[in-house]
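Dear colleague,

Please find the structure we discussed below. My notes on what was found in it follow directly after.

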Amino acid sequence: MSAAATRRLTTAQALVRFLAAQYTERDGVRHRLIAGTWGIFGHGNVAGLGQALVEYREAMPYHQGRSEQAMVHAAVGHARQLGRLSAQAVTTSIGPGATNLVTGAALATINRLPVLLLPGDYFASHAADPLLQQLEHPVEADVSVNDALRPVSRYFDRINRPEALLASALKAMRVLTDQAETGAVTLALPQDVQAEAYDWPEEFFADRIWRVRRPAPDPAELADAVQLIRSAARPLIVAGGGVHHSEAEDALRTLVDATGIPVASTQAGKGALRHDHPADLGGIGHTGTAVSDELARTADLVIGVGTRYSDFTTASGTLFQRPDVRFLNLNITAFDAHKLAAGTLVCDARAGLTALAEALPGHRVDAAYETEYRAGKARWEKTVEAAFRADDDGAVPTQTQVLGALDAVVGDEDVVINAAGSLPGDLHKLWRARSPRQYHLEYGYSCMGYEIPAALGVQQAAPGTPVWALVGDGTYLMNPTEIVTAVQENLPVKLVLVQNHGYASIGGLSESVGAERFGTDYRHRVADGSFTGAPLPVDLAANAASLGMDVLRAKTVRELREALTTARAATRPTCVYVETAPPSAALPAEAWWDVPVAEVSAREPATDARKSYERAVADRRHHL
């Protein structure tokens, strides 16, 4: 009997060959699991993974990043655009390269989006100890800075021997492709082990398909769910990101068309129904629409589909106010399905929604309820029109008018990306999502600096699609470096850079909680120590141009529309820069959000804010 065939490769070479042969398959459609690798090289990975990526460059596409955190954001954007069926890997050196991954890893795991992290690590042999950038721990010699990635990873392993990769690589792929467990996966790679040769079994490099299941609902849970829906007079669906991840938009629409149950959406779920569907009520919660939040307060059944119920969605536990309100949660993750003491349907979103529609023949909400929410939707549409409208084309636009100008330019296929600042609130309230992938808000971690690199990942996943990254000046200054990568790889992303001279969102919050906008303006410091002087002489448009973007400056509403139209047609990275005017009447929050206010203070704004806080927090409910 002959020995099994083997191939002698280094650990890094074997890992790259293995990753190039992994695939996902759902509904008969196959995707490459690891579509490419982002990397910044240093002494911890250049001789291992760096060499392997050169050797197998035809099998594994490589993308050069400028910031380790940004590379993870790009990979996350790619995975979200492709419904979590394809991911990208990120490799870094040891030391600061590795620790810079932590923010991106947290973002990926919180948002349940897959990314494979491959940081270099110290010598497994301890031959050179301590080496450059090594953290020496006095009592745990096997600890490295990569251990900071453990709490933000869904799977973590340190590959201290070549053969350990055989089992660990398969475990890593299982987690990346498991829709209930996915997030950041970390394989820490000691630099000596990366370069060490081993006789690998040939079957390790064979094509492998990871089938992404659509688990059906349990029959008993389904029967209970049907009974809950049939007995409800004012049901409301809360659509979360799981609707998109499951590609369940058609199934949701089928259920809604048959039953008349209205739909409100989280930041991750917006676009689950097209904006002009009569049952689509827009965003819900602190940044939601008036009609969504009004119905949420009086709903007797809240049906959560693929949502994890963040505090923005529940208005910190104050939104669902009806005394007898009940919850039904359809989620592939039992951890999320059981929130708010809900009845559960632990299953795939598409499978669960389809089963509900089939089990509710002839059931429909009362006509008066439909009339009520449709009238509320019509009233809110007038609010949107007023916020978008610019009566004077020659005026400096407000931020909502910037969104109105973009709304007039985009097509159904465009993707609009945002994550932090004041834009998420305006977008959640006002944006008219035309297709399931158009509205791309990262609001699980709300990470400043996500937008530009994520646009690169989305553009790679959807070539030919107009991709817009919307950022304020504060967010832009956090992470503009991947503009250089967009130029290098000729990714024609469109950047809308809104200059409002500071942290507009946190400034408003600061004022509301008695902190008086302290430290939130980008202005010169004045005598009393505050930053309320003239705006800083900073030219962010010139900065974007210096990094290689084509830049269009717009000073008026008319110029803005023209610039956005030009940018949409551009074939290389293009920035539209606009300085906004203060809004004449900022859209108020339709629901509360809990940010604790100082219980005692010598300053009147803080004492006034505390009184308002105590009134609001009294409405919090514990749903048991």
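I begin with Val 263, which lies in strand β13; strands (E, at least two residues) and helices (H or I, at least four) are DSSP runs, numbered from the N terminus. Val 263 is buried, with a relative accessible area of 1%. Here buried means under 20% relative accessible area, exposed means over 50%, and partly exposed is in between, with a 1.4 Å probe and protein chains only. The C-alpha atom of Val 263 is separated by 5.9 Å from that of Val 238, 25 residues apart along the chain. Apart from its neighbours within four places in sequence, Val 263 is in contact with residues that include Ile 237, Leu 252, Val 256, Leu 273 and Leu 281; contact means heavy atoms within 4.5 Å.

Two remarks on the source are needed. This is a predicted model, in which local features need pLDDT of at least 70 and side-chain atom pairs count only at pLDDT 80 or more, while totals for chains, interfaces and linings use all residues. Residues are numbered from 1 along each chain as its sequence is written, and side-chain values use heavy atoms, with hydrogens and water left out.

The chain as a whole

The secondary structure consists of 24 helices and 23 strands. For 624 residues, a compact globule would have a radius of gyration near 25 Å, and the value for the chain, 25 Å, agrees with this. That radius is taken over C-alpha atoms, and the globule rule is 2.2 Å times the number of residues to the power 0.38. The C-alpha trace spans about 80 × 70 × 55 Å along its principal axes. Of the 624 residues, 56% count as buried. Among contacts between residues at least 6 apart in sequence, 76% join residues at least 24 apart. There are 58 positive and 72 negative side chains, and the centres of the two sets lie 3 Å apart. In this count Lys and Arg are positive and Asp and Glu negative, with His and the chain ends not counted; the place of a charge is NZ of Lys, CZ of Arg, CG of Asp or CD of Glu.

Helices and their surroundings

Helix α1 (residues 11–19) has eight of its nine residues buried, so it is largely enclosed by the rest of the structure. Among the buried residues of α1 are Leu 15, Val 16, Phe 18 and Leu 19. In helix α11 (residues 290–298), the buried residues are Ala 290, Val 291, Ser 292, Asp 293, Leu 295 and Ala 296. Their cover includes strand β13 (263–265), together with β12 (235–239), β14 (280–283) and α15 (367–388).

Thr 109 is found in helix α5 (residues 102–110) and is buried, with a relative accessible area of 17%. Not counting residues up to four places away in sequence, Thr 109 touches Val 152, Ser 153, Arg 154, Gly 183 and Ala 184. Gly 242, in helix α9 (residues 241–245), is buried at 18%. With the same exclusion of residues up to four places away, Gly 242 touches Gly 306 and Ala 349.

Aromatic pairs

The whole structure holds eleven aromatic pairs. Rings of Phe, Tyr and Trp (its six-membered ring) pair if their centres lie within 6.5 Å; planes under 30 degrees apart count as stacked, over 60 as edge-to-face and the rest as tilted. Phe 41 and Tyr 62 form a stacked pair, at 5.4 Å centre to centre and 20° between the planes. Phe 41 lies in the loop between β4 (34–39) and α2 (46–55) and Tyr 62 in strand β5 (residues 62–64), so the pair ties together parts that are 21 residues apart in sequence. Trp 200 and Phe 204 are also stacked, at 5.7 Å and 15°, and both residues are buried. Phe 18, Tyr 198, Trp 200, Phe 204 and Phe 205 form one aromatic cluster.

Backbone points to inspect

Most residues other than glycine have a negative phi, and most peptide bonds are trans. The peptide bond from Asp 129 to Pro 130 is cis, with omega near 0°. Pro 130 is in the loop between β7 (115–121) and β8 (155–158). Glu 247, in the loop between α9 and α10 (249–259), has a positive phi of about 55° although it is not a glycine. Tyr 309 also has a positive phi of about 55°; Tyr 309 counts as buried at 9% relative accessibility.

Yours sincerely,
A colleague
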